Amino acid sequence: IISFYKIFLLIKSYLFNWGIYVVHKKLYHLLTKTLYNSKKIIGVIMDLMSYIDKGGIIVYILIVLNIIGFTIILWKFFTLPRKNAILEKIRAKVKINSSILSQIEYEVKKLESGLTIIKNIATIAPLLGLLGTVIGVYKSFEAITQNGLGDPTIFSNGIGIALITTIAGLIVAIPHQIAYNHFISMIDSIELKAKKELVGND
């Protein structure tokens, strides 16, 4: 009985130690992977910040415009898809005595609030990028004039500014243009449905 008990204790101790080893190994791999991914993410963020810093004031302006624009886009994404609720709201506000069409157009026009800002951002962003390109090229030529063509790194800073601002301008403009077209299409469909239901029932 004693020998069996000792064997049992040995097996239990071995399994316990083996379990601790497996858990320790898995935790080690998990922590190593997390740290590696964290380093990669931090590296990407640092690279991004260096690009933003290199782009200068124009990139910071584009970031501010992007924040404003995406705030409006998110607001519209949460409000416009509720077509039935919007139609009920329009139906409740429309008065039978006055012109129904003009009232529908007025209510639909209110749905377009904020879209002008999105459209303006989509238009201005590439122009700001182009302005950054001009400034970058000007800096490059200025550096060449002062130091000559001996060292390519002298004018690479200006070319870097030109490319970064152009890319930033397009990155900001493209999603805003897509969002604007999408919202206008949604509002047009709401207006069409409201006219069909209300004017048709009149």
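**Entry 1: a lysine in a helix**

I looked up lysine 76 and found it in helix H2. Helices here are DSSP runs of H or I with at least four residues, strands are E runs of at least two, and both are numbered from the N terminus. The model is predicted: local features need pLDDT of at least 70, side-chain atom pairs count only at pLDDT 80 or more, and totals for chains, interfaces and linings use all residues. Residues are numbered from 1 along each chain as its sequence is written, and side-chain values use heavy atoms, with hydrogens and water left out.

Is lysine 76 buried or exposed? Lysine 76 is buried and has no salt bridge. Buried means under 20% relative accessible area, exposed over 50%, partly exposed in between, with a 1.4 Å probe and protein chains only. A salt bridge would need a side-chain nitrogen of Lys or Arg within 4 Å of a carboxyl oxygen of Asp or Glu. The nearest side chain of opposite charge is glutamate 112, 8.9 Å away. Lys and Arg count as positive, Asp and Glu as negative; His and the chain ends are not counted.

I then checked for a polar atom facing the lysine. The backbone oxygen of leucine 111 lies 2.6 Å from a polar atom of the lysine 76 side chain.

**Entry 2: the cores**

I went to the largest nonpolar core, which has 20 residues. The term covers buried Ala, Val, Leu, Ile, Met, Phe, Trp, Tyr and Cys residues joined through side-chain atoms within 4.5 Å. Leu80, Ile90, Ile104, Ile118 and Phe183 touch the most other members. Helices H2 (57–79), H3 (83–93), H4 (100–111), H5 (115–147) and H6 (153–201) each give two or more residues to this core. H6 gives the most, with 8 residues. Another core, of 11 residues, lies apart from it; Ile52, Ala125, Ile164 and Ala168 are among its members.

Isoleucine 90 touches Ile104, Glu107, Val108, Ile190 and Leu198, leaving out residues up to four places away in sequence. Contact means heavy atoms within 4.5 Å.

Isoleucine 104 sits in helix H4. Isoleucine 104 counts as buried because its relative accessibility is 0%. Its C-alpha atom is 8.8 Å from that of leucine 198, 94 residues apart along the chain.

**Entry 3: the whole chain**

I counted 6 helices and 0 strands in the protein chain. Buried residues make up 26% of its 202 residues. Of the contacts with a separation of 6 or more, 80% join residues 24 or more positions apart.

Methods:
Polar contact = N/O pair within 3.5 Å; in protein donor to acceptor, adjacent residues only side chain to side chain.
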